Amino acid sequence: MSGRGRDFEADLAKLREAAAEDLVSLSDPEIEEELRAAGEDSSLLAADFQAALQRARADLGHRRLKTAREALNSMPAQAPRVAVVLAFPFERKRKLVERFARERDQGLLGQVTMAARNEEELSERDINSLISKLIELGLMDEHGETR
Amino acid sequence: MPDGPVSPLDLREVADAVEALTPPQHAAMAKAAKMLADGTEFSAADLLQEALTQLLGGDRQCPRAVPLPTVVFNAMRSIAWASRQRRKRAPVTLRVTGTSNAEEARTVDPADEAGDPERILAAREEYEAINVLFADDPAALGVIMARVDGLPPAETREILGMSATEYDTTWKRVRRAVQRARLQGELG
């Protein structure tokens, strides 16, 4: 059975695999008998299995938690807010901008007054752009309320 | 819901199947882990845990038609085989006797060399101890050789002139004697 160049590790592994495969396919009484005959304590082995199972479950729990945490971390801190104010009628948006300019921003008021004086109407696009800028700066909320 | 009779168990079914295992089956799988962990980087406990983690987590499929203890065995065998291959490929550091100078240590590639000499020697000694154990039992030696060579039982019986019962009894005798000898430290 022995010889030069023989892979003894592989041979032993095959022998153990064959014995282990047979063992797990036996009926419960046969397993008990086989382990007893081999000098093993089946209750100690069963406890080893339970311990390994508990560790496997804990390992999976940690893995799932880690995955959930990574998913949470990859989400944006806050979902982008929808600027409801942009959907208001043009006239209402224009008044909001004028009021803001009057109360809070004399520079902006100047632009609006100049436009009115020159009989140049600010377009809806101009108004939307101004409102978006004010929301971005945190000076107006998405409902058109000044802060 | 499973797609059909050949679909693998889903994660809930795997968990249920694990719950339904009996204490003797637990013991058999733990013993199988001890047998398969030899020569790997895993302890028996770690090998069993790794197999269970892979099955319960869905990293390894659980075929519906195969009993769970056999599925766990197959998972452990596959993990153990991969580990042995890694160890065979891992570079071995040899040191010139009588020196502690790290520069004199030499790394060899087992693909070019014989591999880890200590492990090979231990395996050879264990294999020879099994030969000695059955020196007066030619039927047992025949069955061992056939198992190592991967010969199917039917072919082995034909070559050795054994009945099915004689073959089963001989193989059972071998399994038990080898395990007993290992537990008693007689195989190195």
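1. A polar contact here is a pair of N or O atoms within 3.5 Å; within protein, one must be able to donate a hydrogen and the other to accept it, and residues adjacent in sequence count only if both atoms are side-chain atoms. Across the interface of chain B and chain A, 19 residue pairs meet this rule, both residues being at pLDDT 80 or more.

2. The model is predicted: local features need pLDDT of at least 70, side-chain atom pairs count only at pLDDT 80 or more, and totals for chains, interfaces and linings use all residues. Residues are numbered from 1 along each chain as its sequence is written, chains are lettered from A in the order in which they are written, and side-chain values use heavy atoms, with hydrogens and water left out.

3. Contact (heavy atoms within 4.5 Å) involves 55 residues of chain B and 46 residues of chain A. The two chains bury about 5000 Å² between them, 64% of it on carbon and sulfur atoms; this is accessible area (1.4 Å probe) lost on putting the two parts together, summed over both. On the chain B side, B:Tyr127, B:Val148 and B:Arg176 lose the most area to chain A, together 13% of what that side buries.

4. The count of salt bridges between chain B and chain A is 14, each a side-chain nitrogen of Lys or Arg within 4 Å of a carboxyl oxygen of Asp or Glu. B:Arg147 forms one with A:Asp22, where the closest N and O atoms are 3.4 Å apart.

5. Helices are DSSP runs (H or I, at least four residues), numbered from the N terminus. Among those of chain B that each supply at least two residues to the side touching chain A are α1 (11-19), α5 (117-133) and α8 (164-183). The largest share, 13 residues, comes from α2(B).

6. A cavity is a set of points on a 1 Å grid over the protein atoms alone where a 1.4 Å probe fits but cannot get out; lining residues have an atom within 4 Å of a point. The whole structure holds two cavities of 30 Å³ or more.

7. The largest cavity has a volume of about 90 Å³, the space filled by probe spheres set on the points. Its lining has 13 residues, with A:Leu15, A:Arg16, A:Ala19, B:Val178 and B:Gln179 nearest the centre. α8(B) gives the most to this lining, six residues.

8. The second largest cavity has a volume of about 60 Å³. Its lining residues include A:Ala19, A:Glu34, B:Lys31, B:Arg175 and B:Gln179.

Key:
On a 1 Å grid over the protein atoms alone, a cavity is a set of points where a 1.4 Å probe fits but cannot get out, and a pocket is an open set with protein on both sides within 12 Å along at least five of seven lines; lining residues have an atom within 4 Å of a point.
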